[in-house]
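Subject: Structure handover, aromatic pairs and nonpolar cores

Hello,

Please find the structure below.

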Amino acid sequence: PTKQLVQGGFDATFQWQITRTLHPKGADGFAFVIHNADLPFPGLALGDGGGGMGYNGIPNSLAIEFDTVQNRPGEFVEGERGDPNDNHVSVQTRGTLPNSADSTFSLGFTTQGPPAIPLLADGRVHTTKVVYVPGTLRIFLDDLTKPVLTVPVDLGTILSLDNGQAWVGFTAATGRRSQAHDILCGDCGSATRCWHRHHTKQRPQLHQLREDEKDDPSGHSLH
């Protein structure tokens, strides 16, 4: 895996599916993560399992989480609000500090009002597009003409990047309940080309993670 240029802007489109859910929607969700943490292994970062969705605890990171469980206040080491609901998309960061899935550190999250988002764990294939221009991050879900979430953020300021570069990929986790998280290809020519850097005709690789976990309390690796 190689780092991607993120500071100048990018967009990434991918399809995903959450299946094999229990009680009744399973747990816990997955995340699209940008980070530039010091790593024990090249391209590998491991966060907390369960409600942490594999990214909680990764320093110098920003995560877009697709969360299917409402964790109560106090369930995370950092933060005190818990989750806003049991079906939301949220942008989470603590800057260069270890990230947290608690909504205290959310830059913005979806609600159940308009624009409504679908049930994330409905077993259907969904399409997400992430568009970043310096100062603004937009997330589209199924309808790629209207964002479900727009947050102000400057990656070059909030994170410590490596000449504008960072690792980009996916994490996911389960806890006492289970569900399978599959990251599929979006509207791209091959399964590893869902990434487009702005202001260039080149399309660096976005390394993908295919999750199929059951009652696994550990986090899953980010490549």
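The notes start with the conventions, then go through the ring pairs and the cores.

This is a predicted model, where local features need pLDDT of at least 70, side-chain atom pairs count only at pLDDT 80 or more, and totals for chains, interfaces and linings use all residues. Residues are numbered from 1 along each chain as its sequence is written, and side-chain values use heavy atoms, with hydrogens and water left out.

Aromatic pairs

Rings of Phe, Tyr and Trp (its six-membered ring) pair if their centres lie within 6.5 Å; planes under 30 degrees apart count as stacked, over 60 as edge-to-face and the rest as tilted. The count by this rule is seven aromatic pairs. One of them is Phe10 with Tyr132: the ring centres are 5.8 Å apart and the planes stand at 35 degrees, so this pair is tilted. It links distant parts of the chain, with Phe10 in strand β2 (residues 10-19) and Tyr132 in strand β7 (residues 125-133), 122 residues apart. Strands (E, at least two residues) are DSSP runs, numbered from the N terminus. Phe10 is buried at 0% relative accessibility, and Tyr132 is buried at 0%; buried means under 20% relative accessible area (1.4 Å probe, protein chains only).

Phe14 and Phe170 make an edge-to-face pair, because their ring centres are 4.9 Å apart and their planes are at 80 degrees. Here too distant parts of the chain are linked: Phe14 belongs to β2 and Phe170 to strand β10 (residues 165-173), 156 residues apart. Phe14 is buried, with a relative accessible area of 0%, and Phe170 is buried at 2%. Together with Phe32, these two residues form one aromatic cluster.

Nonpolar cores

A nonpolar core is a set of buried Ala, Val, Leu, Ile, Met, Phe, Trp, Tyr and Cys residues joined through side-chain atoms within 4.5 Å. The largest one has 34 residues, and those with the most contacts inside it are Trp16, Phe30, Phe32, Ile34, Ile64 and Leu137. Elements giving two or more residues to this core include β3 (29-35), β4 (61-67) and β8 (135-141). Strand β2 supplies the largest share, five residues. Another core, of 10 residues, lies apart from it, with Val33, Ala45, Tyr55 and Ile58 among its members.

Regards

Notes:
Helix = DSSP H or I, 4+ residues; strand = E, 2+ residues; numbered from the N terminus. Buried < 20%, exposed > 50% of the residue type's maximum accessible area, 1.4 Å probe, protein only.
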